[in-house]
Amino acid sequence: MEISDLKNKKILVLGLSVTGFAAVKFLLRCGANVYLSDSNELSNNDKEKVETLSNCGVCFEFGGHTKDFIQGAEFCVLSPSIPPEAEVLSLLEELKIPYFSDVELAYRLKPDNTKIIAITGTNGKTTTTMLISHILGQKYLAPEAGNVGVSPLDYLNVNVEPEYLVIEASSYQLHYTTDFAPDMAIFCNLTPDHINWHKDIENYFYDKAKMFSKMGENSHSILNYDDERVKAIESRAKKHYFMLEDNGSADDAYIKSGAIYYGDEKIIDVSDVPIVGAHNLQNVMCAVIAAKNAGLTKEEIKTGIMSFKAPKHRCEFILERYGISYYNDSKATNPEAANVAIGAFPGRKVALIAGGRDKNTSLDEFCILVKEKIETVILIGEAAERFNNALVAAGFYNIIFAQTLEEAIDKAEGVKPDVVLFSPACASFDMFKNYEMRGEAFREYVLSKTL
């Protein structure tokens, strides 16, 4: 498929979302006849954007997907949040209209000189994506895209062509791909998540891993050696592993004598890495492998790592005040993600703020790590009672309850820890619209106390 093939063709977009708007704008640039269908009614917040796009010739329907509106489309770009059992997908299949995500469309229509680096996994995707984009940005135009909030379509059919698209690929986006085969693919780790959507972990893993099966011999797969399932992924691509211990070969990244190595070459001392925790060392090693295979030197990679700042809400350092360091890890919306942050502060007295809307996943490992690593736990939100019961059953009793996040911060400070860590291990929806608003509330309250 070529961009020129889209001119004057009817193309369907499903879902008025970030992905939907990006797809509409891209398709308009290509000269397509764009139709957007959304099952929800038009909200007041979107009326102005819809009016602007309508003036550009886009056709809309809201409140459902009708056969008359959909039929005749060449293909459909859909919002990745649409579940596989949605009735509209059956309608598309009945009408023989192919459908796929924006990631798939970007892959099919990208310029020949633009390479794709795709990052997937359960935790660490965003940090790894942003870090690779930051390091490669010293030498190339290499914007971050995908699940970080900017569609890769935003960088296509514009005046400047990127040398690399660094795409955070969610399991939802990858589910709706067919041919997607990046030049480099990274699988950070695998723990259960989004199981309600995927139905089981087998489907979840399959959707994340299938891009590796599409890759050719001149591409690169970058896999977590310490995760048995990820380590065993099969691909024709050249394999590189990252690992926390010194077992690496010439094509791998590993840690030895307090430093990160790529093959025999020392890249950077661990003490010079500005983001905390073993999980972030894994993220850095992914970036090292990607950057080396993109042609960057050791010096360029080290400079890029040292100048990188952690993304918001991901073990993000806020400030140090009166000997207490505050970290915002609001993105930890499941216990597995919180477990990573809990282990990031060895030898320091940590007060952990946790709780929110419960995902009802196992708390076994969470409780083990809390008992080993945490001094005090402050619980908030709907999940507080279950978390308390699980911790007490595991033999951890230093637990405080709070009604609000602000009260939790005050109580955490009251135990005089070295670190106040906000890593909820839960969704935000009981108290906040999303994890970003929850993290901003933590940041703003912590910072307000310096005024």
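## The parallel sheet

Let's start with strands β1 (residues 10-14) and β4 (residues 76-78), which run parallel to each other and pair over three bridges. Helices (H or I, at least four residues) and strands (E, at least two) are DSSP runs, numbered from the N terminus, and two strands pair if DSSP finds at least two bridges between them. Within this pair, Val-13 has Val-77 of β4 as its bridge partner.

Both strands belong to an open sheet of five, ordered β3-β2-β1-β4-β5, with parallel pairing.

## About the model

This is a predicted model, in which local features need pLDDT of at least 70 and side-chain atom pairs count only at pLDDT 80 or more, while totals for chains, interfaces and linings use all residues. Residues are numbered from 1 along each chain as its sequence is written, and side-chain values use heavy atoms, with hydrogens and water left out.

## The mixed sheet

Another open sheet has six strands in the order β15-β16-β20-β17-β18-β19, and its pairing is mixed. Its edge strands are β15 (316-321) and β19 (399-401), and the twist averages 20° from one strand to the next. Angles run from 0 to 180 degrees between N-to-C directions, and axes are lines fitted to C-alpha atoms, for helices over the stretch in contact.

Inside this sheet, β16 (residues 324-328) and β20 (residues 419-422) pair in the parallel sense over four bridges. Here Ser-325 stands opposite Val-419 of β20. Helix α15 (residues 384-393) lies across β18 (376-379) and β19, at about 165° to β19.

## A helix pair

Helices α11 (residues 278-293) and α12 (residues 298-306) pack at about 145°, their axes 10 Å apart. In α11, the contact (heavy atoms within 4.5 Å) is made by Val-284, Val-288, Ala-291 and Lys-292, and in α12 by Lys-298, Ile-301 and Ile-305. These residues divide into five nonpolar, no polar and two charged. Ala, Val, Leu, Ile, Met, Phe, Trp, Tyr, Cys and Pro count as nonpolar, Asp, Glu, Lys and Arg as charged, and the others, Gly among them, as polar.

## A pocket

The second largest pocket is lined by 40 residues, with Asn-123, Asn-189, His-279, Glu-336 and Val-340 nearest its centre. On a 1 Å grid over the protein atoms alone, a pocket is an open set of points where a 1.4 Å probe fits, with protein on both sides within 12 Å along at least five of seven lines; lining residues have an atom within 4 Å of a point. Helix α13 gives the largest share of this lining, six residues.
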